Amino acid sequence: MMTDNMASPAENKPLVFISYSHKDEDWKDRLKPQLKALEMAGRIMVWDDRKIDAGEKWYPEIKSAMEKSSAAVYLISEHFLSSDFCIKEEIPFLLRRCENDGMLMIPVLISPCAWDVFDWISETQMLPRDGKSVLVDFDGKWAVVFSEVAKLIKEKFEGRTIKAVKPPSKFPPPKNIDITRLPMTGAELFGRKDEMAMLDEAWDKADVRLLSLVAWGGVGKSTLVNKWLERMAQDNYRGAVRVFAWSFYSQGTSERVTSADRFMGEALAWFGDPTPDEGSPWAKADRLAGLIRQVRTLLILDGLEPLQSGLKLERGKIKDPALAALLRDLGRNNPGLCLITTREALPDMGLGHGFKQIDLDRITKEAGRALLRIAGVQGPDAALEEASEAFGNHALALNLLARYLRAIPGHGIDPAFSIPDLPDIPLEKGRHARRMIASFEKRFGESPETELLRILGLFDRPVEKGALTAVLTGDPLPGLTGKLSSLSQGEWQNLLKRLRQTRLIAEESRHCPEEIDCHPLVREHFADLLQTQYAGPHKEAHSRLYAYYKALPEKKYPDTLEEMEPLFAAVAHGCRAGRYQEALDDVYWERISRKEEAYTVKKLGAFGAELAALSGFFDIPWTRPVDGLGAEDKAAVLNWAGFRLRALGRLHEAVQPMQAGLEAQVKNEDWENAASASSSLSELHLTLGQVTEALEYGRQSVAYADQSEEWTQKMIKRTTLAHALYQAGELAQARDLFEEAEAMQREIQPQYPYLYSQRGFQFCDLLLSRGAYGEVEQRAGQTLEWVTRENLLLAIALDTLSLGRAALLKALAHQTPDFNQAETFLNQAVEGLRKAGQQEFIINGLLARAALFRAQGRFDRAQTDLSEAHDIAEQGGMGLFLADIHLESCRLCLAQSQTQEALAHLTSANGMIQRMGYHRRDGEVKELQQAVDGIIK
């Protein structure tokens, strides 16, 4: 409670509003005599809030006084800063009045406190003028200071000039603004000066195009963004032509946000797209990115975490393909800024060099002191700052500490220094926060609070009601459900309220109110505890969850990745329950993969989700499968993991599991699977730029396939070796093997006279290098019909890519080229390859489209595709593709008369090509060298 108000609404005199804590009422009484002369002279009205009647009437009267006031005096003290009403109600309201109506603001420092962490104070002239005199001898100066307050008010109202005139901004106002979807934040910001400066710098400098603010709930992400937007608005958004904001928590509370469809549709319409509902996710993303780039745009995406993966091995990855494509595009080419807030850090995932991430979990010791002070912790400033540093200046740890100390009589800071440390936990793994979690655990003892927290440790995601019920159903589990099972509904709600007050679990979500969520460090702490101290109940709880999630899908064989999510959860819980073989056979192999169909990777492109599921079958990823699997299954999961790692661009990680799987299959004389493993290793080493090793494994794959006596293996593995020979520059041998493989296929499958799928694409690649675009049009046109009937994502995209490359070559061969057909095919191919999810093939599409854009003179678009291709190739160590990217970059530079840059790219490419034995490109290097030399001479 606070405030002293000076005015009666009925009288036409300026009203001065004094904001203060009632604990500082004596200071208000010292100020009022200084203002009495102004009141008696009829300049202002003074009204003592002690006249307010008891009951609910006081708040409307205070609000009315704030609405009618023309000046506000703030008596700043530790009591003021620790008052929720002052900080969360009065100050935001009065600041808006100051901005909109020119209200005079006069903060007065009356006692030592952490005033300097509040931007709204530090940006306003503090009295005493240096903001420090209070620490020396304020008592002797109060009369002088309060006289100056009266003088400022007198000067304000002389001539009745109440409305302030802001200096004109040098920037024109934005043409379009829509920030109405952002959440309202009543709490005032503190301790974020550095972050505010980072936001200013990101906007002012062109090198940051995509900025993510990462922190757990309650740390102040949305408040920071809103405060920054307030400052931007005061200066007409500093050159932004359009400002658009979206919150992924604004889409209702009855269902989970699982896609960005609504955002894409409404954003496209807002930015002027005539057909916002048309096209694939990638086409929509491409159009939206183009519209955003037309002018300098500030795009804010609040609360992104519902669309990010919570799975351990792909945590933070954006699940929605359109949104992922949009952010990749904006991260590389964006004259404005896309600002994201999220609880989950974003992985790189090809976002480009314009991407930057700010971790808001760390604060300054001064902000830590203010956080503790405002939460009601008592003690000298120096002790509070010492405690903040002792707990790593970690926002979560300090929030937990404040609530821990508030339960101790006196709320003093001293007990903080006796809280045991956890030296075995690394600092980067949340040691200080886990100190507090362990302290609360000890305080709670064996209680419903502790049991619920332990149950949260069973999950790597928010806990929905059905899963919680599954754990609680059945005989009580010691240490997990014994005390929870008997709680009434009222007792359960009180339990949640108590834990939310401690900040150990999150506040009720507007988005999913029945879910219980907590900070990942809370889950991690109790997950470790369960495995070490409650092994039996831990496994039984996971068994219950395994059964629950396995039965959850309405269909035995779900069609979409969203429908399949419970099955992935079932595999994870089944593995943690020790039911490895059952989870592998009944769920992963039977229902997720659909046996040899490999449904999730071939039809959905869900390599990340598949890899996360497979991780449960490893003691040490990706080298040692669990002992709960048979020998053949151990070899299988090694190969599956390696293939999925390769598809995700994690090539170096893929080598070891593939090699281990091959060795196991050779030992078991499983020649068919050994042939497949050797073939995968050949392709993997080839992409890495290790051509000699690729040839060696290619020959092994043919030998093992011949031993298997299985005709498809014999045919396919010959194409593997042919592709390696082709990259080594042995074109004649490569073509002979491709044709031999095609003859074998035609003999067994006469209805398919051409090689198709990946092997058909590889043969077309060789033919295109010889200029045979007509033959490729015929082949790829036919094979596309075959693979489309089976809905094979990668095969469809590769055939479309072959048709696009053939159309490009055909157009270039004509005097008046028409690139429309080539552009249609190549855009479709890039979209399809993204959907298929295999990173190295995406590079093929980007390189081909960059060549098209270069031929069209659309150099910026060509550079965008090359930059994305380079990011993927560099991250995965894809040597062959890096050489290809340098060659195409050389051509692009030559097209723009950038001779020195072209020479640099050519030199890099040639060095790599010779080192890797990538002699397929020798002729291209020679031609480009002649072109560069001709220009230089």
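Q: What share of the contacts in the protein chain with a separation of 6 or more comes from residues 24 or more positions apart?
A: In this predicted model, residues 24 or more positions apart account for 70% of those contacts.

Q: How many helices and strands does the protein chain have?
A: The protein chain holds 40 helices and twelve strands.

Q: What part of the protein chain counts as buried?
A: Buried means under 20% relative accessible area. Of the 937 residues, 55% count as buried. The accessible surface comes to about 39,100 Å². Carbon and sulfur atoms hold 49% of that surface.

Q: Is α16 mostly covered or mostly uncovered?
A: Mostly covered: eleven of the 14 residues of α16 are buried. Among them are Arg431, Arg434, Arg435 and Glu441, along with Ile437, Phe440 and Phe444.

Q: Which helices do the buried residues of α16 pack against?
A: They pack against α14 (381-390), α15 (395-406), α17 (448-456), α19 (489-502) and α20 (520-533).

Q: What happens just after α16?
A: Gly445 follows, with a positive phi of about 65°.

Q: How do I read a strand such as β4?
A: Look at cover, then at the two faces, then at the partner. Six of the six residues of β4 (residues 104-109) are buried, so the strand is largely enclosed by the rest of the structure. Leu104, Ile106 and Val108 point one way. Met105, Pro107 and Leu109 point the other way. All of these residues are buried.

Q: Which strand is joined to β4, and do the two run parallel or antiparallel?
A: Strand β3 (residues 69-76) is joined to β4 by six bridges, and the two run parallel. Tyr74 stands opposite Pro107 in β4.

Q: How many disulfides are there?
A: Two cysteine sulfur atoms must lie within 2.5 Å to count. The count comes to zero disulfides.

Q: What describes a pair of aromatic rings?
A: The distance of the centres and the angle of the planes describe the pair. Here the count comes to 18 aromatic pairs. Take Phe244 and Trp270: their ring centres are 4.8 Å apart and their planes are at 40°, so the pair is tilted. This pair links distant parts of the chain, with Phe244 in strand β7 (residues 242-247) and Trp270 in helix α10 (residues 261-271), 26 residues apart. Phe244 is buried, at 0% relative accessible area. Trp270 is partly exposed, at 25%.

Q: Where do Tyr756 and Trp786 lie, and what kind of pair are they?
A: Their ring centres are 6.1 Å apart and their planes are at 90°, so the pair is edge-to-face. Tyr756 lies in the loop between α31 (731-748) and α32 (757-769), and Trp786 lies in helix α33 (residues 773-790), so the pair ties together parts that are 30 residues apart in sequence. Both Tyr756 and Trp786 are buried.

Q: Which residues do ring pairs link into a cluster?
A: The cluster holds Tyr588, Trp589, Phe617 and Trp640.

Technical notes
Residues numbered from 1 in each chain as written. Predicted model: local features only at pLDDT ≥ 70, side-chain atom pairs only at ≥ 80, totals over all residues. Heavy atoms only, no water. Buried < 20%, exposed > 50% of the residue type's maximum accessible area, 1.4 Å probe, protein only. Helix = DSSP H or I, 4+ residues; strand = E, 2+ residues; numbered from the N terminus. Contact = heavy atoms within 4.5 Å. Areas by Shrake-Rupley, 256 points an atom, 1.4 Å probe, with all protein chains shown as cover. Pairing = 2+ DSSP bridges. Phe/Tyr/Trp six-rings, centres within 6.5 Å; stacked < 30°, edge-to-face > 60°.
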